[in-house]
Amino acid sequence: MNLIDQTFARLKENQQTALIPFLTIGDPDLDTSVEIIAELEAAGADIVELGVPYSDPLADGPVIQRASQRALKHQVNIASCMEAAVKARAAGVKLPFILFTYYNPVLQFDLERFFEEVKKHDISGLIIPDLPVEESAELSKRAEAAEIHLIPLVAPTSNERIKSIVASAKGFVYCVSSLGVTGERSSFFDGVEEFIAQVKEYTDIPAAVGFGISNGEQAAKFARICDGVVVGSAIVRQIEETIPLLQNVDTRQEGLLQIRKFVAQLKA
Amino acid sequence: MTQLPDQNGRFGEFGGRFVPETLMNALIHLEESYNHYSEEPSFQEELSYLLKQYSGRETPLYYAERLSKHLGKAKIYLKREDLNHTGAHKINNALAQGVLAKRMGKQKVIAETGAGQHGVATATVAALLGMECKVFMGEEDTKRQALNVFRMQLLGAEVVPVLSGSRTLKDAGNEALRYWVSNVEDTFYILGSAVGPHPYPMMVRNFQRIIGDETRRQILEAEGRLPDHVVAAIGGGSNAIGMFYPFIEDKEVALIGVEAAGKGVETAFHAATMSKGTKGVFQGSMSYLLQDNFGQVQEAFSISAGLDYPGVGPEHSYLKDIERAKYVPVTDQEALDALQLLCRTEGIIPALESAHAVAQVIKMAPGLSSDDIVVICLSGRGDKDVESIMAYTGGNQA
């Protein structure tokens, strides 16, 4: 059974919501990312999204754009992101990993080899924000064969598309909570609750909400109406602000602790 | 040849719609609206009227006699897109998309721009049609093309300098797409080149094919036959696809796209996507692309801001692979030399983009015979470039 399914099954039994943090791998460097993943788990994360830094992150706002730029400065690529997963596993991290990547890095890898590598590196799922259902047939087939979940996104503008998108969904459905790119927000689009209810009407697999959730209060609000909450930019910003502490041997532990505390208060 | 793109927006393996889900319904709606309105006689009438009375079409197909004699034997014609209102072919597409936006009930338009030509064209159309306009422009380009920034502001548009990535055209395109994702419900994105997700490459081609349609008719009038070579500069490739498209079935007409080789294709400083790129997905479509082994998009380089782009329109990639069109690189220096030659032989200052096409014809000339007819798409005028040419040459003429 895929680790993501096991996680949601366990949470459902305990009537809990999944906390799904995102981090950009390689920001500020690979070793630190591995340590941060361990902190995320210690803080109560249930699944973690490993963000592959990309030169042209269309779906991302300024915070994750900056993190990508920092990571790309020392040549972090999709292969090194998968390495980070293995290192985190070796360090004792148990939670499932999802690789969050734009499509082009996957495409350059060669699809067949890509899935071999994903499996080898103990990654359970994929989120590809620029690959709508119309373009995902082949990748989706290969993912299924490899027992890797390709997590689909549904947006507030999806409307009549929701049904067909979630029909073949695996793992969970990622509900985009606002119009726009990733980034912290103080408010969400008006119909967000009806939107999530509509998604849940069409599918029995879990629904997680993301894009803009930036504090414990917002996370708690969404936790009541869905099965998982994704937090990205707020954590990436926390990491960004902690970089000076992380890069100093004397304050590194303090920096990691700050990140852990920030993530812990997101856990409903 | 079957009608391309297919229903998924594919030209062979190229094209498609690789965008966030948030945009999918907007793209589908745009395609439906385009199909619906572009068939309507009143849409065609309004557009034809504006192209003629506002932009000054049709543009002349001018026999460049002194340039032809200087270079040797072949007859060289210039399709004078530089004589359009706002000084380039970009207005053809901006007018058409503007009229479409109005029919779709959108009051706000956005655009990306490199050299500033498409931004100026969009700002112009927004003023004409009474719409609100935001133009995204890489900060680097706002410096290179300061005059065009002011021009857009004069026309009432807001110019948004883009600070991400290499701060050039590709980043302006990313930012325009990001803005569109956030404002998709009331905003129309007037995309300026034959790139991006379906239906843009198809729509832009169809709005630019007037260049090739007129050229075909004009050359038949002037010479009684089709040209042997049709040459156009290519960044994203909108003037080139507009010029090539009506000639695709005429196998005797060689189609030549000229891309920017910057400091040379053997250096790291070029924008030669066709010569040096590989297949990939960029800004919403599958096409050739300048990228590293891990799929990170590389920065392009060219003296011409309009060609300084690491991607290329998907239909061009298709024409390259089926060998219907040929794509060749021309360096900054070759383009500058060509620009000066055209100035002196014909009294026409071409845009740096268009000068690349002229340079290719200079290179081809020794191999051509007196029966040969060549058409160059002179996509824009060079007024916008005078300052950067002065900086490059130190004020000296070559």
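## Basis

The model is predicted: local features need pLDDT of at least 70, side-chain atom pairs count only at pLDDT 80 or more, and totals for chains, interfaces and linings use all residues. Residues are numbered from 1 along each chain as its sequence is written, chains are lettered from A and ligands numbered from 1 in the order written, and side-chain values use heavy atoms, with hydrogens and water left out.

## The A–B interface

The size of an interface is often given as the accessible area lost when the parts come together. Here chain A and chain B bury about 2900 Å² between them, 51% of it on carbon and sulfur atoms. Buried area is the accessible area (1.4 Å probe) that two parts lose on being put together, summed over both. On the chain A side, A:Asp56, A:Leu58 and A:Glu135 lose the most area to chain B, together 22% of what that side buries. Chain A brings 38 residues to the contact and chain B brings 36, where contact means heavy atoms within 4.5 Å.

Polar contacts join 20 residue pairs between the chains, both residues at pLDDT 80 or more. A polar contact is a pair of N or O atoms within 3.5 Å; within protein, one must be able to donate a hydrogen and the other to accept it, and residues adjacent in sequence count only if both atoms are side-chain atoms. On chain A, the elements giving two or more residues to this side are helix 3 (62-73), helix 4 (78-90), helix 5 (103-109), strand 6 (153-154) and helix 8 (161-167). Helices (H or I, at least four residues) and strands (E, at least two) are DSSP runs, numbered from the N terminus. Helix 5 of chain A gives the most, with five residues. The chain A side divides into 21 nonpolar, 10 polar and seven charged residues. Ala, Val, Leu, Ile, Met, Phe, Trp, Tyr, Cys and Pro count as nonpolar, Asp, Glu, Lys and Arg as charged, and the others, Gly among them, as polar.

## Salt bridges

The count over all chains is 43 salt bridges, each a side-chain nitrogen of Lys or Arg within 4 Å of a carboxyl oxygen of Asp or Glu. Three cross the interface of chain A and chain B. A:Arg161 pairs with B:Glu21 in a salt bridge, the closest N and O atoms being 2.9 Å apart.

Within chain B, B:Glu214 and B:Lys79 form a salt bridge at 2.7 Å between the closest N and O atoms. B:Glu214 lies in helix 10 (residues 210-223) and B:Lys79 in strand 4 (residues 75-80) of chain B, so the pair ties together parts 135 residues apart in sequence.

## Backbone sites

Chain B has a cis peptide bond from B:Arg57 to B:Glu58, with omega near 5°. B:Glu58 sits in the loop between helix 2 (41-54) and strand 3 (61-63) of chain B. Another cis peptide bond joins B:His198 and B:Pro199, with omega about 15°. B:Pro199 is in the loop between strand 8 (187-189) and helix 9 (200-208) of chain B.

## Helix pair in chain B

The axes of helix 14 (residues 332-346) and helix 15 (residues 352-364) of chain B come within 7 Å and cross at roughly 90°. Axes are lines fitted to C-alpha atoms, for helices over the stretch in contact, and angles run from 0 to 180 degrees between N-to-C directions.
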